[in-house]
Each structure stands twice: as C-alpha cells, then as structure tokens.
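Please study the sequence and the structure before reading the solutions.

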Amino acid sequence: MPTTAAAQTDLEPAVSSLAAAFAHDPITSYLLQPGESYPSRLTQFFSLLLRARVALGMPILVARDEARIVGAVMGYSTAPHDWPADIAAEWDAFERTIPGFVDRQADYDAIVDSCKPSASHYYLGAIGVEPSMHGRGFGKELLEGFCELSANDPRSSGVFLETAKESNVGFYERAGFVEVGRGTMGGTRLWCMFREHARSRG
C-alpha cells in the first residue's frame, strides 16, 4: 500500500478522502456545525487547508489502493507557516459564512495551545481514510509516514496531534503517542497527544 508525498494533482481526491473520513468527526462537527451545508463546508475546509500546505511546502502524504487515493495526512513542520495572502483571504471569507466559527475555533485553539510541547515539533493537523477502507492498515501507514518525516528533521522533537474520538486514543497509544493534556469545547472532549523521538529522550 504505497504512501507518497502528495502532488498537485492529488489534492482533489485527497480532499474527497478527508471529507469522507471526517463526515462524522466531533472536531469538524463542532467547528463547522452539522446541517444541510455541512458536507460542502467540510469539502471547502479541507480544500483550503490542503492548498495552504501545498503552497507552504508543508507535509502532505496520500495513501493509495492501487491507483486510487483513499486517505491522506497533513500537517506542519517546524518551519514558519504564515499562509499566502490569497488563501488567507479565502479562509477569512469562509469563516464569515459560518456563524460562531471564529469563537469555536478560538476555544479549540486554546486547548491545543495549552497542551502542545514547547520544543520544536511537527503538528499533525488531520489524518483520515475513507470509511470503506478502514481496517486495512492505511491509517497506520499514513501515521508512520508522517512521523518518519518528523524523525528525519533534526529540528523536530516529535509529533503532536489531537483527537476528539476516544476510540482513536488507543490507536495512537499503540503507535507510541502519550496523552499530554485534554480539554472540553462545547461538550466535545479533546485529547492532545505527543510522540517524542528517541533522540530527544536521549
């Protein structure tokens, strides 16, 4: 099951895979609010995030079942990551279409910021596999691929992520992550986790 760096032509199928994976996710449901427009908001949400990361040269990996993309992982490296002005403007416009989004995002960011390590690290912003492909190892391959990128960067002490699904906590723990904090936003619990590189412990 090849896991590779995303090319520009991979963005649209990667967005579709992430939108399918996060259709019922507590974090995106909290931020974007369920309803008739939720699917289109979710697609636009991931499109903006992926396009920004491509523009900045940030880590994006995709998983394929034969030739078809079925999952993706994306995040930030330790490098600065101010968004390009045009994509930032699109994001601002997107925020204004969703009542209360800015306040909910601020609640989310406050939890994440209070738990993330002070040392330079990679941030895993989203990882997802199409539901029909669960149980086939794609998620593990994407996670390990992202962690390998971080481990190969001498500036990075490890990988930080968060999840709002308790069922995901064991998956990340088996991959070497430990809980470093948690919080609640609007009734949704958020677990923050970190996988430290061996060299950082040494």
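Contact means heavy atoms within 4.5 Å. Helices (H or I, at least four residues) and strands (E, at least two) are DSSP runs, numbered from the N terminus. The model is predicted: local features need pLDDT of at least 70, side-chain atom pairs count only at pLDDT 80 or more, and totals for chains, interfaces and linings use all residues. Residues are numbered from 1 along each chain as its sequence is written, and side-chain values use heavy atoms, without hydrogens and water.

**Exercise 1.** Determine the strand order of the open sheet and its edges.

*Solution.* Two strands pair if DSSP finds at least two bridges between them. The order of the seven strands is S1-S2-S3-S4-S5-S7-S6, with mixed pairing. Strand S1 (3–5) and strand S6 (178–185) each have a single partner strand, so one side of each lacks a neighbour in the sheet.

**Exercise 2.** Describe how S3 and S4 pair.

*Solution.* Strand S3 (residues 68–76) runs antiparallel to strand S4 (residues 122–129), and six bridges join them. Met74 has Ala126 of S4 as its bridge partner.

**Exercise 3.** Identify the buried residues of H5, and state how they are arranged and what they pack against.

*Solution.* Buried means under 20% relative accessible area, exposed over 50%, partly exposed in between (1.4 Å probe, protein chains only). The buried residues of H5 are Phe101, Arg104, Gln105, Tyr108, Ile111, Val112 and Cys115. Viewed down the axis of H5, they fall within an arc of 125° (taken from the directions from the helix axis to the C-beta atoms), so they line one face of the helix. They pack against helix H2 (26–32), helix H4 (85–96), S4, S5, S6 and S7. Asp103 and Ser114 are exposed, on the face of H5 turned away from its buried side.
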